[in-house]
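Reader: I would like to learn how to read a structure feature by feature. Could you walk me through one?

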Amino acid sequence: MSAPTTITAPIHARGLVRRYGSRNALDGVDLDLGAGVTGLLGRNGAGKTTLLRSLATDLDVSAGRLRVLGRDPGDAAERTEIRRRLGYLPQNPEFYPHFTAFGLLDYMAVLKELGGRRARHDEIRRSLDRVGLTERRHTRVRRLSGGMRQRLALAAALMGDPELLLLDEPTVGLDPEQRILFRNLVSELAVRSTVVLSTHQIEDVSALCQRVVCLDRGRVVFDGTPATLIGRARGHVWEQTGRPGDGVTTWRLADGRYRVLTTRRGEPAPSGDRTAVEPTLEDAYLLLTGVQRGAR
Ligand SMILES: Nc1ncnc2c1ncn2[C@@H]1O[C@H](COP(=O)(O)OP(=O)(O)O)[C@@H](O)[C@H]1O
Ligand SMILES: [Mg+2]
């Protein structure tokens, strides 16, 4: 028998726990993530930021095993090695307001030990160009709009084409055109890198992610492809003319009909006005995180 080959995924987590006081923000997370784009979904407070911060070595975990790019974030030397190889966009990036856009990236590039001065500056110019901020390179951070700051934070995360890119709600504050630009950037990078992004924008996931991980109260409640998640919702989504009764999640559509999500599968239509419809990823997500907790 040949020796077993151990190929460690860029992210490998087993039984990951992060406690805040007596609460577990992460409550036993098992995850193996490889190349491509993974979308992290979950309500506010589900643990997305805590997970991303742990992966970014910005936060120590309380228990469990974590390897990032094959290394142990709990070890100081290995942590430094991980940080050199990852790009991280925090949920609320805080910048030094008096820095210019270029100056800020230069400062961060120095911390990341990105090459000599010339190579570093070339990389900064490339990053600013990728996010459409070249003309703002001499503008001070405090004078940038929210969307521009978000793009600057993205440029910082992209510098050096990291093997692992962790993005916490990266599309907040971006207009539709910028979101397309963002998607193109991320999908280009994901050919070679592992990208994990959290979002409340289901369209980002539909457009970008080969894989969806859904968190609920610190646990992974779904891990699979968007198509699999949608498949789970089939038979649970209806549209009807009259206002539905209790026990379902429902909203009124622009044409006056109601879209209905129910955990009860294949109920007989009580009247002719009720039609089963193909679920969207958003329906599937809502069913997973909302209705599963006891339909009301
Ligand atoms: N620094 C902190 N101190 C105490 N509790 C925290 C802290 N950060 C996060 N939490 C708690 O951990 C849980 C997960 O939060 P978070 O990871 O920010 O969720 P998400 O990003 O999915 O909205 C929440 O209950 C939140 O209140
Ligand atoms: Mg968050």
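Reader: Let me begin with a single residue. Where is the place of H236?

Author: Happy to start there, and please keep in mind that this is a predicted model. H236 sits in the loop that runs between helix 8 (226-233) and strand 10 (237-240).

Reader: Is H236 buried or exposed?

Author: A residue is called buried when its relative accessible area is under 20%. H236 comes out at 9%, so it counts as buried.

Reader: Now for the metal. Which residues coordinate the magnesium ion?

Author: For a metal site, begin with the donor atoms. Here the magnesium ion (ligand 2) is coordinated by OG1 of T49 and OE1 of Q91, at 2.0 to 2.2 Å. T49 lies in helix 1 (residues 48-55), while Q91 is in the loop between strand 5 (86-89) and helix 3 (101-111), so the pair ties together parts that are 42 residues apart in sequence. T49 is partly exposed, at a relative accessible area of 23%, and Q91 is partly exposed too, at 29%.

Reader: What surrounds ligand 1?

Author: Ligand 1 is surrounded by Y20, R23, A25, R43, N44, G45, A46, G47, K48, T49 and T50. Next, look for polar contacts within that set. A polar backbone atom of G45 is 2.6 Å from an oxygen atom of ligand 1. From the side chains, K48 places a polar atom 2.8 Å from an oxygen atom of the ligand, and an N or O atom in the side chain of T49 is 2.8 Å from an oxygen atom of ligand 1.

Reader: How do I read a helix that has a buried side? Which residues of helix 6 are buried?

Author: The general idea is that an α-helix has 3.6 residues a turn, so residues three or four places apart point the same way. In helix 6, the buried residues are Q178, R179, F182, R183, L185, V186 and L189. They cover an arc of only 165 degrees around the axis, which puts them on the same side of helix 6. On the other side, P176, E177 and E188 are exposed.

Reader: What do the buried residues of helix 6 pack against, and how far does the helix reach?

Author: Their packing partners are strand 3 (36-41), helix 4 (117-130), helix 5 (146-158), strand 6 (164-168), strand 7 (194-198) and helix 7 (202-208). Helix 6 (residues 176-189) has 14 residues and reaches 20 Å from its first C-alpha to its last, close to the 20 Å expected.

Reader: And the backbone angles? What is phi of E169, and what is phi of R217?

Author: As background, most residues other than glycine have a negative phi. Phi of E169 is near 50 degrees, a positive value, and phi of R217 is also near 50 degrees. E169 is in the loop between strand 6 and helix 6, and is buried at a relative accessible area of 11%. R217 lies in the loop between strand 8 (211-216) and strand 9 (219-224), and counts as exposed at 52%.

Reader: To finish, how many helices and strands are in the chain?

Author: The chain has nine helices and 13 strands. Of its 296 residues, 47% count as buried.

Notes: Residues numbered from 1 in each chain as written. Chains lettered and ligands numbered in written order. Predicted model: local features only at pLDDT ≥ 70, side-chain atom pairs only at ≥ 80, totals over all residues. Heavy atoms only, no water. Donors = N, O, S within 2.8 Å, 3.2 Å for Na, K, Ca; no water. Helix = DSSP H or I, 4+ residues; strand = E, 2+ residues; numbered from the N terminus. Buried < 20%, exposed > 50% of the residue type's maximum accessible area, 1.4 Å probe, protein only. Expected span 1.5 Å × (residues − 1). Arc of directions from axis to C-beta. Contact = heavy atoms within 4.5 Å. Near = heavy atom within 4 Å. Polar contact = N/O pair within 3.5 Å; in protein donor to acceptor, adjacent residues only side chain to side chain.
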